[in-house]
Each structure stands twice: as C-alpha cells, then as structure tokens.
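Please brief me on this protein model.

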Amino acid sequence: MSDSAPTAAQTPAQTPPKWGSTEMLPLPGRYNGAVRALAATRFAATGAAWKDVVFDRQFDLFSLADARAIEQEALDSGYRFDFSATVSLESEPDKYKRPEKAASAFADGPVTDGRRQVGIGDNVLRKAAPITGPVALISTTEQVMGFLADGVPPGTIAVIDDSGGTLTAPIIEGFAGVICLGGSVRSHLGILAREYDVPTLMNATIDTLSDGDVVEIEVTAAPPAADAYETGDTGHARIWLLENGA
C-alpha cells in the first residue's frame with residue numbers, strides 16, 4: 001500500500017512473472033519485479049545452466065542483502081507497508097467485505113424451533129455436535145489487541161474475513177468457533193483451525209450479523225471433498241441465528 005504512487009520515471013521496468021498473473025497492487029509489483037529482474041540479470045551473467053545454479057548457487061542470484069536493499073529503495077521512494085492482516089480488505093474490497101457489511105444472501109425464512117438459517121459454509125473439521133455462541137465481528141488489529149489484553153469471552157464465535165488467518169492467529173485458541181467469509185478448508189486459517197481444534201466454517205456466505213447475535217454453526221457436516229472447489233460442491237454446513245437467544 002502507498003501514501004502516494006510513484007511517477008513513471010520512478011517506477012522501474014517490471015519483469016512479468018513466469019507463472020500466474022501480474023501483481024494487482026503497485027508495491028508487490030515493484031518489489032517482485034525488482035527481484036525477478038535482478039535474479040535474471042545475475043543468472044545470465046553466470047553462463048551456466050539453470051539446473052546448475054538454482055539449487056547450489058541460489059544466493060549468488062538473490063541474497064538477504066538484496067532483499068533489504070530493494071525494500072529500502074521502495075520505502076525511500078515514499079511507500080509504506082500495511083498490516084498483512086487487513087490488506088485484503090483494502091486491495092480487493094469487492095471480493096472481501098467486512099462482516100458487518102456483508103450483503104444479505106438468504107431470504108427471511110420462517111423461524112423453526114427458535115432458529116432461522118442465515119448462512120452456509122465449508123466445515124473444516126467434523127464434530128459430534130453443533131457449536132452455539134454469541135458472535136464477535138472482527139476485522140481490525142485493534143480488536144485483536146483488545147482480546148489479547150482482556151481475553152476472549154467464553155463461548156465466542158468469531159466472524160472474520162479472508163485475511164483472518166493472520167489477523168486472529170494470536171487468539172484463535174480462545175474462540176469456541178470461527179466463521180470465515182473467504183478462503184477454503186485448505187487455507188491458512190483452516191490449517192490453524194485443525195491444529196488448535198477450533199470448529200470453523202470457511203468460504204462462508206452469511207446474512208448480516210451483529211455483535212452478540214447467538215448463532216449455531218453446523219460443524220457436524222462433512223468437510224468438502226478434495227475436488228469440491230473445482231466441482232462447486234461446497235457450502236453444506238449451515239449457520240443458524242437463534243431468535244431471541246433461544
């Protein structure tokens with residue numbers, strides 16, 4: 001992220017990535033482009049085959065000192081770094097929305113047994129019984145710092161966006177459950193959830209929820225199959241709002 005974009009004269013020519021798409025943001029594009037260009041120049045100067053350089057002489061192509069120099073050059077030109085925990089919200093606002101701004105995706109259905117379905121998601125690890133608790137909508141580092149200082153209230157179910165793996169890692173053990181609006185069961189947060197045995201739904205779509213709403217998450221559902229994200233066979237775990245906290 002930047003306070004001011006560089007002029008055309010300040011921006012070095014970028015070597016496009018061999019695989020994948022070009023970086024969407026100027027700072028990663030500038031940094032990664034400089035890394036690729038430097039490594040390519042040094043490799044050409046060796047006159048050797050790639051296989052003879054990439055494993056045995058990789059630090060001749062790019063070193064820690066090089067990384068620090070490129071980073072310093074970017075900072076000196078006016079760039080600043082933002083928290084990786086919140087960058088997805090700023091860089092792709094149409095894809096990742098803060099939980100309190102998530103658009104309604106479910107029609108207001110009838111209340112059955114004191115509850116109404118308000119969402120779906122992909123279950124990370126299967127449990128014997130659903131998890132119930134009040135939600136806390138978490139989207140800032142300040143909120144996480146508050147939970148670190150004061151503790152997570154017992155039974156809290158966190159509702160976070162796709163960047164939550166980084167944002168909530170320091171406090172994930174304190175949650176009774178997690179609802180994440182992005183990612184997949186193989187995302188960083190999914191790995192953390194399995195490691196810490198925290199019931200979690202990924203790739204969730206929800207109606208708007210407010211802090212303190214009591215929900216039930218269907219962590220009894222089977223996790224997605226290995227090819228689920230290719231076939232679209234996802235979203236089988238349901239999220240229920242308990243009306244009047246019933």
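**Briefing: a buried asparagine, a strand and a helix**

Asn 123 sits in strand E1. Helices (H or I, at least four residues) and strands (E, at least two) are DSSP runs, numbered from the N terminus. The model is predicted: local features need pLDDT of at least 70, side-chain atom pairs count only at pLDDT 80 or more, and totals for chains, interfaces and linings use all residues. Residues are numbered from 1 along each chain as its sequence is written, and side-chain values use heavy atoms, with hydrogens and water left out.

**Asn 123**
- Asn 123 counts as buried because its relative accessibility is 1%. Buried means under 20% relative accessible area, exposed over 50%, and partly exposed in between (1.4 Å probe, protein chains only).
- Its side chain reaches the backbone oxygen of Val 219 at 2.8 Å.
- A polar atom of the Asn 123 side chain also lies 2.6 Å from the backbone oxygen of Ala 221.
- Leaving aside neighbours within four places in sequence, the residues in contact with Asn 123 include Val 185, Thr 200, Leu 201, Pro 223 and Ala 237. Contact means heavy atoms within 4.5 Å.

**Strand E7 and its partners**
- Strand E7 covers residues 237-242, and five of its six residues are buried.
- Strand E1 (residues 115-123) runs antiparallel to E7, joined by six bridges. Two strands pair if DSSP finds at least two bridges between them.
- Gly 121 has Ala 237 as its bridge partner in E7.
- Strand E6 (residues 214-217) also pairs with E7 in the antiparallel sense, over three bridges.
- For Val 215, the bridge partner in E7 is Leu 241.

**Helix H1**
- Helix H1 (residues 26-46) has 21 residues, which should span 30 Å at 1.5 Å a residue; its end C-alpha atoms are 30 Å apart, so the two agree. The expected span is 1.5 Å times one less than the number of residues.
- Its buried residues are Leu 27, Gly 29, Arg 30, Gly 33, Val 35 and Ala 39.
- Helix H3 (58-61) and helix H4 (64-76) are among what covers them.

**The whole protein**
- The protein has nine helices and seven strands.
- Of its 246 residues, 37% count as buried.
- Among contacts with a separation of 6 or more, 63% come from residues 24 or more positions apart.
- The protein exposes about 13300 Å², and carbon and sulfur atoms supply 55% of it. Accessible areas come from the Shrake-Rupley method with a 1.4 Å probe; for residues, only the protein chains shown count as cover.

Conventions. Polar contact = N/O pair within 3.5 Å; in protein donor to acceptor, adjacent residues only side chain to side chain.
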